[in-house]
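Biologist: I am new to this one. Please take me through the terms as we go.

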Amino acid sequence: MTASETEFTCLSDVDLFADLTSQEMESLQQRVPGRRFQRGELVFSQQEPVNALFVLRSGRVRIFRLV
């Protein structure tokens, strides 16, 4: 089993990436860092610029906008 087979990825389940070839998908998966968040952990803040796309594999996320 290769390293890419042992790492979980859910990018193939995202419609945004549906038109990628298997080679393009593999290349993208190698560049995408996975990250786990603990319950109650802040994922990002509206005061900080976000330069990422978040794909939720499992669980729930609460989104708040402070006005």
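Biologist: What makes the contact of arginine 35 and glutamate 41 a salt bridge?

Modeller: A salt bridge is a side-chain nitrogen of Lys or Arg within 4 Å of a carboxyl oxygen of Asp or Glu. The side chains of arginine 35 and glutamate 41 meet at 2.9 Å, N to O. That is within 4 Å, so the term applies. The structure holds one salt bridge.

Biologist: What should I know about the source?

Modeller: This is a predicted model, where local features need pLDDT of at least 70 and side-chain atom pairs count only at pLDDT 80 or more, while totals for chains, interfaces and linings use all residues. Residues are numbered from 1 along each chain as its sequence is written, and side-chain values use heavy atoms, with hydrogens and water left out.

Biologist: Why is arginine 35 called exposed?

Modeller: Exposed means over 50% relative accessible area, buried under 20%, and partly exposed in between (1.4 Å probe, protein chains only). Arginine 35 has 57%, so it counts as exposed. Its partner in the salt bridge is glutamate 41. Glutamate 41 has 32%, so it is partly exposed.

Biologist: And aspartate 13: buried or exposed?

Modeller: Aspartate 13 has a relative accessible area of 64%, so it is exposed. This residue is found in the loop between α1 and α2. Across the whole protein of 67 residues, 7% count as buried.

Biologist: How many helices and strands are there?

Modeller: Two helices and zero strands. Both kinds are DSSP runs, numbered from the N terminus: helices are H or I with at least four residues, strands E with at least two.

Biologist: Which residues form the nonpolar patch on the surface?

Modeller: Phe37, Val43, Phe44, Val50 and Phe54. Patch residues have over 30% relative accessible area and no salt bridge; nonpolar side chains (Val, Leu, Ile, Met, Phe, Trp, Tyr) are joined within 5 Å, like charges within 9 Å. Phenylalanine 37 has 31%, so it is partly exposed. Phenylalanine 37 lies in the segment after α2.

Biologist: Which residues lie nearest the centre of the largest pocket?

Modeller: Arg35, Phe37, Val43, Phe54 and Leu56, out of 45 lining residues. A pocket is an open set of points on a 1 Å grid where a 1.4 Å probe fits, with protein on both sides within 12 Å along at least five of seven lines; lining residues have an atom within 4 Å of a point. α2 gives the most to this lining, with three residues.

Note on methods:
Areas by Shrake-Rupley, 256 points an atom, 1.4 Å probe, with all protein chains shown as cover.
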